[in-house]
Protein chains: 2
Amino acid sequence: MKTLDLKIRLRCGDDIAIGPGKADLLAAIQEAGSISGAARLLGMSYRRAWLLVETMNRCFREPLVSTSAGGRHGGGTQLTATGEQVLKSYRDLCVRALAEIESHMGEITALLVT
Amino acid sequence: MKTLDLKIRLRCGDDIAIGPGKADLLAAIQEAGSISGAARLLGMSYRRAWLLVETMNRCFREPLVSTSAGGRHGGGTQLTATGEQVLKSYRDLCVRALAEIESHMGEITALLVT
């Protein structure tokens with residue numbers, strides 16, 4: 001079975017601003033409504049998830065994740081508008097790049113064993 | 001400083017048929033004329049380089065690397081025509097994908113800190 005793996009990472013100095021792992025984490029935060037819940041979904045430690053969020057929040061002009069304490073529903077963690085936009089733009093980039101690769105990989109896949 | 005990292009890996013079952021490391025190895029074999037020389041250029045063990053070549057030769061219909069013993073110049077290791085084609089096609093794919101990403105990453109890079 002032939003499959004294509006694509007990893008796009010956007011670096012900002014020594015940090016990775018966004019890449020496959022951070023995009024998955026943003027999506028998991030969106031789903032779980034908390035960093036701890038997202039960490040559980042992805043099987044990573046809370047500390048690691050928190051550090052990844054810190055890095056993202058540092059790399060972008062505005063935080064991608066915000067935590068509101070208290071309130072009617074007891075607060076929670078969610079993506080900011082910037083967070084949603086970064087996640088969507090990153091996924092779009094991946095889809096475009098994959099489509100570009102797939103439409104030009106015929107020559108190389110023809111050389112693979114079947 | 002913002003930089004873009006792109007990794008394209010073509011899997012063939014459980015093996016990686018070609019990816020960044022194997023492409024670098026093919027180029028190093030082309031340059032060094034031997035697997036041991038290529039391994040030195042890349043700072044990897046001969047054993048690791050040899051295993052990567054074995055995997056590539058297994059994944060493609062024809063070997064990508066051939067070794068000729070003896071002969072006027074004492075033989076040597078070189079890329080086959082298929083090896084040259086795979087390396088070129090892979091590099092072309094990377095260039096195309098990078099161009100596609102770079103022409104659509106304005107939205108996300110505008111959100112990064114300067």
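Residues count from 1 along each chain as its sequence is written, while chains are lettered from A and ligands numbered from 1 in the order in which they are written. As the model is predicted, local features need pLDDT of at least 70 and side-chain atom pairs count only at pLDDT 80 or more, whereas totals for chains, interfaces and linings use all residues.

On confidence (pLDDT is the predictor's own, per residue, from 0 to 100), chain A averages 93, with 95% of its residues at 70 or more. For the complex, the predictor gives an ipTM of 0.86 and a pTM of 0.88.

Turning chain A by 180° with 0.0 Å of shift along the axis puts it on chain B at an RMSD of 0.0 Å (least squares on C-alpha atoms of residues with pLDDT of at least 70 in both). The pair is thus related as by a two-fold rotation axis. Both copies use the same surface, as 100% of chain A's contact residues recur in chain B (contact: C-beta atoms, placed from the backbone, within 7 Å).

Each chain, A and B, puts 34 residues into the contact. On the chain A side, β1 (2-12), α4 (81-102) and α5 (106-109) each give two or more residues, and β1(A) gives the most, eleven. Eleven bridges join β1(A) to β1 (residues 2-12) of chain B, running antiparallel (strands pair if DSSP finds at least two bridges between them). Within this pairing, A:Asp5 has B:Arg9 as its bridge partner.

Terms used: Contact = placed C-beta atoms within 7 Å. Helix = DSSP H or I, 4+ residues; strand = E, 2+ residues; numbered from the N terminus.
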